Every structure is written in C-alpha cells, then in structure tokens.
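I opened this notebook to keep track of what I looked up in the structure, entry by entry.

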Amino acid sequence: MAKRRKVSNLLGLAILAQLSLGRPMHPYEIATALKQQGKEGDMNIKWGSLYTVVQNLERHGLIEATMSNRDGRRPERTVYAITDAGRGELNDWLRELVSVLEPETNRFEAALSVIGVLPPDEAIALLETRLAALDGANAAHRTTLAQLTQLPRVFLVESEYALAMRSAEAAWVRSLLAEIAAGTLSGVDGWRAYHETGQLPADFEQMLDEGVPTGPPEDR
C-alpha cells in the first residue's frame, strides 16, 4: 500500500531529485533542467503547477530558501536547497515507487472494458489505427535510442522501459486483431449478433445479471 505523501505530485519528486544532485536553484532553473532532461515525458509534468509544488515542498520542510537574487529589472528570485528531511522523503518515495505494485489508471484499459458498445468492425478499424500509431512511435523511439549510444544505459532505463511497455501493447493489440479476424476470440459471435439484432445473447445477459467480475484481481 502506497503511503500518503505530504506532497504527492510527481513534479515534487523531480524537484527533490534535481536539488539532491547539485547546487541550490531557483524554480526557473529547476524547470529548465528538468525540461532538458525530458522529465515531462517521464512524469506527465504540468509546468503550471511548478511554483505551487515548490511552495508545498517548502511548507513541509522538504526544501528551504537559501537566498534571493535579482537579475537586472527582473523580479527577485528565491533560490532553494533540499533539506535533510527532503532527502529522506526523496529516498523513501523512490523506494516505494520502485518496489510497490500499485494499480494505475489507464485510459485504454478503461475503453477496452466497454469496447463491446461499438460494432466489431468499427472496433477493428480503431484498433488498427492505434496499432499503426504504436508501431510508428516505437520505430521512432528505437531510432532515438540508437542515436544515444554515447550515454551510459543508466540514463536511458526509463526510456527503454517506456519502449518495452509500448512494444508489449502493440504485440497484444496485433494478437487481439488476429483473433477477432479469425473468429477465435471467445464471445465475438455474440458481440456481432448483438450489433446485428439489437438483442443481447442469452449468455451475455445472464453474465450481466449475475454481475460476473471482469476487472483485474486487485479491483475485486
């Protein structure tokens, strides 16, 4: 079970990690460094919340203001450093994220859970569109990784993981499409019959009446 964090926004994790590696920085410098490292792709960062997250980290004693400086006529900028409590939170948070399996919201999984609402042929067309997008993204990703051979792999593991997950999804979608096309997907005949007649097959109706669980085990 994940702990309840004082600051749960993953941008807070990125800020703590950035400050733990070097000198104190002001928020604009932190954002610039994180963007250069591509962290918005890793953590789905919303930059508009940067200053709010910084304020929350400071309020909970995880970072502290060390000085303020002014560059010409620009507004005064506060420079922050990580505290001992912040380092402890960073390490504990990372250990949890790496080791603890937590259910994650997935929009595609949500759509698949009710895909029967669409006619099979339309679902096939949509899945083929998604598969083409996955294959294109994976090809581009592999090309990018091939161009980064000068970097130690320790700096690329999150990118390799993202590619592996998307490649696995592409393989699964390709397999699902093949089963639907071949008519070997269990229940596909009833799915087609429903959209052709407007009537649920008896076995489908029985399952809905009995409330047969279909989600992952942790949701039951």
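**Entry 1: glutamine 18**

I began with glutamine 18, which has a relative accessibility of 13% and therefore counts as buried, the limit for that class being under 20%. The model I am reading is a predicted one, and I keep that in mind for every value below. Glutamine 18 sits in helix α1. I then looked up what surrounds glutamine 18 once its neighbours within four places in sequence are set aside, and found contacts with Met25, Ile30, Ala33, Leu34 and Gln37.

**Entry 2: the chain as a whole**

Next I stepped back to the overall architecture, where I counted 10 helices and two strands. Their order along the sequence reads α-α-α-α-β-β-α-α-α-α-α-α. The radius of gyration is 24 Å, whereas the globule rule gives 17 Å for 220 residues, so I note the chain as more spread out than a compact globule. Along the principal axes, the box filled by the C-alpha atoms is roughly 70 × 45 × 35 Å.

For burial, I noted that 27% of the 220 residues are buried. The accessible surface comes to about 14,800 Å², and carbon and sulfur atoms account for 54% of that area. I also looked at the contacts between residues at least 6 apart in sequence, of which 60% join residues at least 24 apart.

I found nine salt bridges in the structure, and I followed some of them in detail. Which residue forms a salt bridge with lysine 3? The partner is aspartate 92, with 3.0 Å between the closest N and O atoms. Since lysine 3 belongs to the segment before α1 (10-21) and aspartate 92 to helix α5 (residues 84-99), this pair ties together parts that are 89 residues apart in sequence. Aspartate 92 is partly exposed, at 24% relative accessibility.

I turned to arginine 5 and found that its side chain meets that of glutamate 89 in a salt bridge, at 3.1 Å from N to O. This pair, too, links distant parts of the chain, with arginine 5 in the segment before α1 and glutamate 89 in helix α5, 84 residues apart. Are these two residues buried or exposed? Arginine 5 counts as buried at 12% relative accessibility, and glutamate 89 is buried as well, with a relative accessible area of 16%.

Arginine 5 also forms a salt bridge with glutamate 96, where the closest N and O atoms are 3.0 Å apart. Glutamate 96 is a buried residue, at 13% relative accessibility. Putting these pairs side by side, I recorded a network of salt bridges that links Lys3, Arg5, Glu89, Asp92 and Glu96.

Phenylalanine 155 is placed in the loop between α7 (120-146) and α8 (157-182). With a relative accessibility of 55%, phenylalanine 155 counts as exposed, because that class begins at over 50%.

How values were computed. Residues are numbered from 1 along each chain as its sequence is written. This is a predicted model: local features need pLDDT of at least 70, side-chain atom pairs count only at pLDDT 80 or more; totals for chains, interfaces and linings use all residues. Side-chain values use heavy atoms; hydrogens and water are left out. A salt bridge is a side-chain nitrogen of Lys or Arg within 4 Å of a carboxyl oxygen of Asp or Glu. Helices (H or I, at least four residues) and strands (E, at least two) are DSSP runs, numbered from the N terminus. Buried means under 20% relative accessible area, exposed over 50%, partly exposed in between (1.4 Å probe, protein chains only). The radius of gyration is taken over C-alpha atoms; the globule rule is 2.2 Å times the number of residues to the power 0.38. Contact means heavy atoms within 4.5 Å. Accessible areas come from the Shrake-Rupley method with a 1.4 Å probe; for residues, only the protein chains shown count as cover.
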